[in-house]
Amino acid sequence: MSAPAHDIRRYPGARLVTAVFFLWLYLPIAVVIWFSFNENRLVSVWTGFSTQWYAAALQNKALMDALRVSLTVAVIATIGATAIALMAAMVLSRAPSKRIYKLSEAVVNLPLMLPEIVVAVAVLILFSQLGIANGMVKLTLAHTAFCTPFAFLPIRARLQGMSRDFEEAAQDLYATPLTAFRRVTLPMIAPGVFAGAMLAFVMSMDDFITSNMLNSGGSTTLPVYIFSLIKRGTTPELNAISTLMILVSLAIATIALAMSARAMRRDL
Amino acid sequence: MARGKAVEVYNVSKRFGSYQALDQVSFTIHENEFFTLLGPSGCGKTTLLRMIAGFESPSEGAILLNGAEIETLPPHRRRVNTVFQSYALFPHMTLAQNIAFGLENLGWDRKRREARVAEMLELVHMTQFAARRPAQLSGGQRQRIALARALAPEPQVLLLDEPLSALDLKLRQAMRDELRSLQKKTGITFIFVTHDQEEALDMSDRICVLGEGRIQQLGTPAEIYEDPENRFVADFIGETNFLAAEVLSVEGDMARIRTPFGLEITARQKGLTGPGPATLSLRPEKIGMQSQADGHVLQGTVRGRNYMGGFTHYTVDVAGQPLRVSRRNALSHAESFEPGQTVSLGFREDSARVLAQ
Amino acid sequence: MTRAALKSFRLWGLVPAWALMGLTLIIPVAIVAGVSLADRGPYGGFNWALNVSSYREILFTMGWTDELEFDPKYLVIIGRTLAYGLATTAICMALSVPVAYVIANARENWKPFLVYLVTLPFWVSMIVRVYAWLIILGNEGLAEKTWKFFGGGDVDTFLFTPGAMLTGMVYSYIPLMVLPVYAAIEKLDPALLEASHDLYGNRWTTLRRVILPLTWPGLAAGAILVFVPAIGTVLEPMLLGGGKQMMMGTLIQTQFGGGRNWPFGAAIAMVLMAMVVIVLVLNARRAAAIAREMEP
């Protein structure tokens, strides 16, 4: 099929803008990765290839501590947020649109509607009022809260796309409500649950504003630690750390998107 | 023939808010029967089916399954299976797993399950597809698997919710015959819901015509078509001409009436008690035109013609009253009528029906 | 299980969500509102009270003679926050239309891949993305080298300029604009374009009279998604603005260190939240108006 001489769908310049846009989108990522292999101590002066900064990063105890804090908080927050979001989504997708359900949906999505800095200030004041001093407890609670809508949205979308017929068919075929959930509903919405959990995990790992506000000794997360490094000056080691983080993020994103694409194909 | 009662529906009503979906409906379905609930959308037929399956509960009244009250039983404890309109085949399971699902929940052991799955796949001619997933099937194949899955647990009653509506015309015709023969082969009571009167007439032992939440008529296909109980049924099933008529006298199930053409005839009546206004129902294919005219002959003028292939529909003006006349295009086109042409029409008294207004 | 038990089970599923959001958001935000009316504590923190001095402080400072003097320094910050928020939103809108249009008209098997390319950087940690711009725009960075390569004159630094701020902010939030705009353009029936051309419209009339009006819901949705986080942002002003470009987010943050003014920080937070609420309410009204129009 050849395009007609006068293709009305083409706009001159649009493709060029798009090409430049994608270059611009990936330029910073490429620059960070490129300079992470720079031998020179100065970030932007290339003198030769080296992996020494990766070695330095992996031996950095403070970095590893921050990573441990971030992972612990992210795993707990992901599990908590996904479980809470799944329960709420099950209720909200199966209910008529009554007032209380609309309100509940808004409440679940509340962290998306408030500026994060306000939320951060709010939890800071709350914890100071409650006298909770344990940094990990504070972080985990706050992260679970702002991760919940990210877990909720894909699960909700998946449940809304799923006809009630499937659950009814399961019950019609002698499955108890629990069996129907375990063997039909859950496997069918699994891609949504997985995507939601991935999003929640990434959001928790990425968070700076709240974690910085709640920062105290022993609960410094990875982004907060990186911020403190940046404040001290850019170094190639920082580039190496950033590169590692970029690769992990991209891997998680690719897995998540590939899985949801596969699920879409399966259900067609 | 004395047969057991598979399903008994007693005075069932259903309200959704202020909307009355079903109003005091009662009927009995026999064992081994192909029973159809027929009606326009919104007549309550699907609601009734969902109540038998256990997805809705009646606002009033009771439903008995094999003589036992089922109101308190949740869907998963009712020995009733459904073929869903959307088929609702589980996309994450193979066809064999889909069919085995109900058997597993009933606690059948592995050996028995596998044998039954093989038997069902055989029954619907899908054996070679056992390991496929629903997404890899055509519409007709999905339909067969949905049937096999619902029949596998040997339900007392099989519910079918417009199962043919998603198929194209040719396939639908073939599936009708297949459904009918499956029902005879398995001996299971089928309750079939449809809004397609042709499907209903073709397959059913008995049809229950539902309209506006009430039973309009219950009977065999021929009874429903030939002897409609009221205007609603005559109008919904097939095509007909309604003519305002004046009842002169009623004697049993016969009535003497005067038609708008001034003609006086005696015909079968339903629901009349004495003189007064009534409706005359006359099916288009039961009106003869020109040479075939016998009985009472009317003069008319052809106003419109619709060529439909196997049939031609004419609109004929008789004393200012339009009449639909249907003629088979049999051996030749010799008897084609032109608009403007004058024709004579006739019908037999015993093919006319007098109904309450 | 009886039906009544099932019904109550339905509501039980919502309890954890309500408890979590109540504990970590609803109650705390109410407390922030309360704190904004409190007296500041001597070493950070606050003492409960009921006065509006923190809000008054936004507009006035206490002069030497105990008189209130109008001082616009915080109004400037609020104005700058709004300006950056609006500019970021506008740039994102302008960029996303051609990009989304090209993606929507790409070959069918390319589309998911291009959408994936748009979302991918968004998964990378925010701090890493801002840091990347810090390297590019910093001294002797890629931006400066490119500038000099093309014969540009001496520059002090690209950092700490509005341009650096906007680059960082647009980079952070643009996927939130491209995706809804793409969804809107994707849904566009190609026959509408053909109809417009058939009725003697050229490309630009078609863009202005057909494509843009039908893309508007996507643009509006994207505008909300970009504007709300943009006015609350903290990282870009701190790293790319270098303290010269104080915004409301950074202002709030600095008030919550030790020895700072918590009630004043809370008051600024309430102002920021009010701005967001106004935007969301306006958006909800617009959506409701559109829904009304669609009804027969």
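**Figure 1. Burial and overall make-up of chain B in the predicted model.** Of the 357 residues in chain B, 51% are buried, in a model that is predicted. Chain B holds eight helices and 20 strands, and its C-alpha trace spans about 75 × 50 × 40 Å along the principal axes.

**Figure 2. The open six-stranded sheet of chain B.** Six strands of chain B form an open sheet in the order S6-S7-S8-S3-S9-S10, and their pairing is mixed. Because strand S6 (80-83) and strand S10 (214-219) of chain B each have a single partner strand, they stand at the edges, and one side of each is left without a neighbour in the sheet. With direction ignored, neighbouring strands of this sheet are turned against each other by 20° on average. Within the sheet, S7(B) pairs with strand S8 (residues 189-194) of chain B in the parallel sense, over five bridges, and B:Val157 stands opposite B:Thr189 in S8(B).

**Figure 3. The five-stranded barrel of chain B.** In chain B, five strands close into a barrel in the order S11-S12-S13-S20-S14, again with mixed pairing. From one strand to the next, the twist averages 50°. Strand S12 (residues 254-258) and strand S13 (residues 264-270) of chain B run antiparallel and are joined by five bridges, and in this pairing B:Arg258 stands opposite B:Glu264 in S13(B).

Figure 4. Side chains of opposite charge can pair when their charged atoms come close. Over all chains the count comes to 32 salt bridges, and one of them is the contact between the side chains of B:Glu104 and A:Arg183, with an N to O distance of 2.6 Å. This pair joins two chains, because B:Glu104 lies in helix H2 (residues 95-105) of chain B whereas A:Arg183 lies in helix H9 (residues 177-206) of chain A. B:Glu104 is partly exposed, with a relative accessible area of 28%.

**Figure 5. Salt bridges that link distant parts of chain B.** B:Lys45 and B:Glu162 form a salt bridge in which the closest N and O atoms are 3.7 Å apart. The two residues are 117 residues apart in the chain, B:Lys45 being in helix H1 (residues 45-53) of chain B and B:Glu162 in the loop between strand S7 (157-161) and helix H5 (169-186) of chain B. Both partners are buried, B:Lys45 with a relative accessible area of 4% and B:Glu162 with one of 8%. A salt bridge also forms between B:Arg144 and B:Glu178, whose closest N and O atoms are 2.9 Å apart. Here the pair links helix H4 (residues 139-151) of chain B, which contains B:Arg144, to helix H5 of chain B, which contains B:Glu178, and the two residues are 34 residues apart. B:Glu178 is buried as well, with a relative accessible area of 18%. Elsewhere in chain B, a network of salt bridges links B:Asp227, B:Asp253, B:Arg268 and B:Arg353.

Figure 6. A search of the whole structure finds zero disulfides over all chains. For B:Cys43, the closest cysteine sulfur is that of B:Cys208, and at 8.8 Å it is too far away for a bond. B:Cys43 counts as buried because its relative accessibility is 1%, and C:Cys92 also counts as buried, at 0% relative accessibility.

**Figure 7. The bent helix H1 of chain A.** Helix H1 (residues 14-36) of chain A has 23 residues, which at 1.5 Å a residue should span 33 Å, and this agrees with the 34 Å that separate its end C-alpha atoms. H1(A) bends by about 35° at A:Leu27, and a proline, A:Pro28, follows within four residues. Among the buried residues of H1(A) are A:Phe21, A:Phe22, A:Trp24, A:Leu25, A:Pro28, A:Ile29, A:Val32 and A:Phe35. An α-helix has 3.6 residues a turn, so residues three or four places apart point the same way.

**Figure 8. C:Ala183 in helix H8 of chain C.** C:Ala183 is found in helix H8 (residues 162-187) of chain C and is partly exposed, with a relative accessible area of 39%. C:Ala183 and C:Trp262 are 79 residues apart in sequence, and their C-alpha atoms lie 43 Å apart in space.

How values were computed:
Residues numbered from 1 in each chain as written. Chains lettered and ligands numbered in written order. Predicted model: local features only at pLDDT ≥ 70, side-chain atom pairs only at ≥ 80, totals over all residues. Heavy atoms only, no water. Pairing = 2+ DSSP bridges. Axes fitted to C-alpha atoms, helices over the stretch in contact; angles between N-to-C directions. Disulfide = S-S within 2.5 Å. Buried < 20%, exposed > 50% of the residue type's maximum accessible area, 1.4 Å probe, protein only. Expected span 1.5 Å × (residues − 1). Bend = angle between axes of the 7 residues up to and from the residue. Salt bridge = Lys/Arg side-chain N within 4 Å of Asp/Glu carboxyl O.
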